[in-house]
Amino acid sequence: MIYLDNAATTFPKPKNVITAINNCLKEYSANPGRSGHYLARRAAESVYNCRKKLAEFFGATEENVIFTQSCTASINTVLKGFLKQGDHVICSALEHNAVIRPLNKLKGLGIEYDVARVFPENTESTVKSFEALIKDNTKLIVCTHSSNVCGVILPIKELGQLAKMHKIKFAVDAAQTAGVIDINVTEMNIDYLCIAPHKGLYAPMGIGVLITADDSLDTLIEGGTGSLSKLPYQPDYIPDKFESGTLNLPGIVGISAGIDFVNSIGLNKIYKTEIDHVSHIFSSLCNNSQIKLYTNSIRMGYYSPVISFNIRNKSSDTVGEELGRYGIAVRTGLHCAPLAHQFLGTSNTGTVRVCPSVFTKRGEIDNLINRIKILSKT
Amino acid sequence: MEINIINSGTITYAIRGRDLLRNNGYKAYMFRNTGDSALGCGYSISTNCGIDEIHSLFEKFKIKYISVLPGDSV
């Protein structure tokens, strides 16, 4: 199979990730941070080491690394833990449902939000679009780093500066970019960084990360933390405050190994390899009158390695099925991002989405391109 | 030699504190505490670092802890 659905989750996972998880399950998969015996301490040390690696990778400190169930859970923790009745939030026109759905739930509780227009490849206009929506009660800017539908990158460094200037908190959904594009929470003034390790960090599914120094966020879940047990209340400091229940140790070990894998190749090389694939798809298809693309170019720095297309007179689902028959895995439809499809004008059609990983070979991309061209003639 | 005990509510800060002490040339070992403190379960660090220096280092590097207790002299 030619797997090009890496925006959903990366596949395959690297050998070192599989080995690390296997070893953990076989040798030391005790509950970390609960007991005092050797296995529990070893498990706890591996959790701590992962925090350290994540902190280094994203420019944070280890106690500010919180493990959640998913990037969506991280985003919900931020939005529902931070916002209060009467607050105003600004998000972008490319948000995933992981941002929009909780915001709409919060709307019912007296929190309002506005959607800022995005201008692909135009940092200044995009930032001005956000700035124009700032009001006296604006408390948070939340946005995706890059669209999971069309790959448009938002200027989060400049948006972080804007937020800081206006004393507004800044949350970034880095589901598509963590492990592909360099992110530094300190340099970019990011107050809350939400990560999906099972994508660009090549970790297994079922684990998320939130990086923040804000221990004043309200909790969504309270419970046992293996600490201060006599207290009937949740600890009030991170990360324990947000880590009730047993941690996903195999997932965390997978993140550690995934970071090692990414570091062994280098972010720049990963990004360049993947964007070259997407750029090749774009340049091979952009002059085909039967194929509709949704960006004007694919330029490094302005796009993450994701591309959407449609074939005229064919539904995206049909194209996906046809590609599947030839062993090519893509995702079709609305990609849990109706707002992004509204932006692209594809709300009624959806798109076919292609996303390579570091394992994707040029021959596989050529195979995809040829198959698309054949389909466009039928 | 004086051995002091730092009580930490959380393993994350206990490991961080242990590593900080070791990086500053002190011996430091983490262990699960007995749960007989007022706050219940947690992790503690035994170290040959002096009490004043512990407070100074931990506050400088913003490492949370519950208490520092004098241990045994060995």
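Trainee: Why are helix 9 of chain A and helix 11 of chain A called oblique to each other?

Mentor: In this predicted model, helix 9 (residues 316-325) and helix 11 (residues 362-377) of chain A pack at an angle of about 125 degrees, with their axes 11 Å apart. Angles under 35 degrees count as roughly parallel, over 145 as roughly antiparallel, 65 to 115 as roughly perpendicular and the rest as oblique. The angle of about 125 degrees therefore makes helix 9 of chain A and helix 11 of chain A oblique to each other. The axes are lines fitted to C-alpha atoms, for helices over the stretch in contact, with angles from 0 to 180 degrees between N-to-C directions. Helices (H or I, at least four residues) and strands (E, at least two) are DSSP runs numbered from the N terminus.

Trainee: On what conventions do the names and values rest?

Mentor: Residues are numbered from 1 along each chain as its sequence is written, and chains are lettered from A and ligands numbered from 1 in the order in which they are written. Because this is a predicted model, local features need pLDDT of at least 70 and side-chain atom pairs count only at pLDDT 80 or more, while totals for chains, interfaces and linings use all residues; side-chain values use heavy atoms, with hydrogens and water left out.

Trainee: What makes helix 5 of chain A and helix 6 of chain A roughly parallel to each other?

Mentor: Helix 5 (residues 123-131) and helix 6 (residues 156-165) of chain A pack at an angle of about 30 degrees, with their axes 10 Å apart. Helix 5 of chain A and helix 6 of chain A are therefore roughly parallel. Their crossing is right-handed. A:Thr123, A:Val127, A:Phe130 and A:Glu131 of helix 5 of chain A meet A:Glu158, A:Leu159, A:Leu162 and A:Met165 of helix 6 of chain A. That contact of helix 5 of chain A with helix 6 of chain A has 5 nonpolar, 1 polar and 2 charged residues.

Trainee: Why are helix 1 of chain A and helix 7 of chain A called roughly antiparallel?

Mentor: Their axes come within 8 Å and cross at roughly 150 degrees, and helix 1 of chain A and helix 7 of chain A are therefore roughly antiparallel to each other. Helix 1 of chain A passes helix 7 of chain A in a right-handed crossing.

Trainee: Why is B:Arg18 called buried?

Mentor: Buried means under 20% relative accessible area, exposed over 50%, partly exposed in between (1.4 Å probe, protein chains only). B:Arg18 has 9% relative accessibility and so counts as buried. B:Arg18 lies in helix 1 (residues 11-23) of chain B.

Trainee: What joins the side chains of B:Arg18 and A:Glu45?

Mentor: A polar contact of 2.4 Å joins them. The term denotes a pair of N or O atoms within 3.5 Å; within protein, one must be able to donate a hydrogen and the other to accept it, and residues adjacent in sequence count only if both atoms are side-chain atoms.

Trainee: What makes A:Lys272 partly exposed, and B:Lys62 exposed?

Mentor: A:Lys272, in helix 8 (residues 267-285) of chain A, has 43% relative accessibility and therefore counts as partly exposed. B:Lys62 has a relative accessible area of 65% and is therefore exposed. B:Lys62 lies in the loop between helix 2 (51-60) and strand 4 (67-73) of chain B, and its phi is near 55 degrees, a positive value in a residue other than glycine.

Trainee: How is A:Cys336 classed?

Mentor: A:Cys336 has a relative accessible area of 37% and is therefore partly exposed. Although not a glycine, A:Cys336 has a positive phi of about 55 degrees.

Technical notes:
A crossing is left-handed if the near helix is turned anticlockwise from the far one by less than a right angle, and right-handed if clockwise. Contact means heavy atoms within 4.5 Å. Ala, Val, Leu, Ile, Met, Phe, Trp, Tyr, Cys and Pro count as nonpolar, Asp, Glu, Lys and Arg as charged, and the others, Gly among them, as polar.
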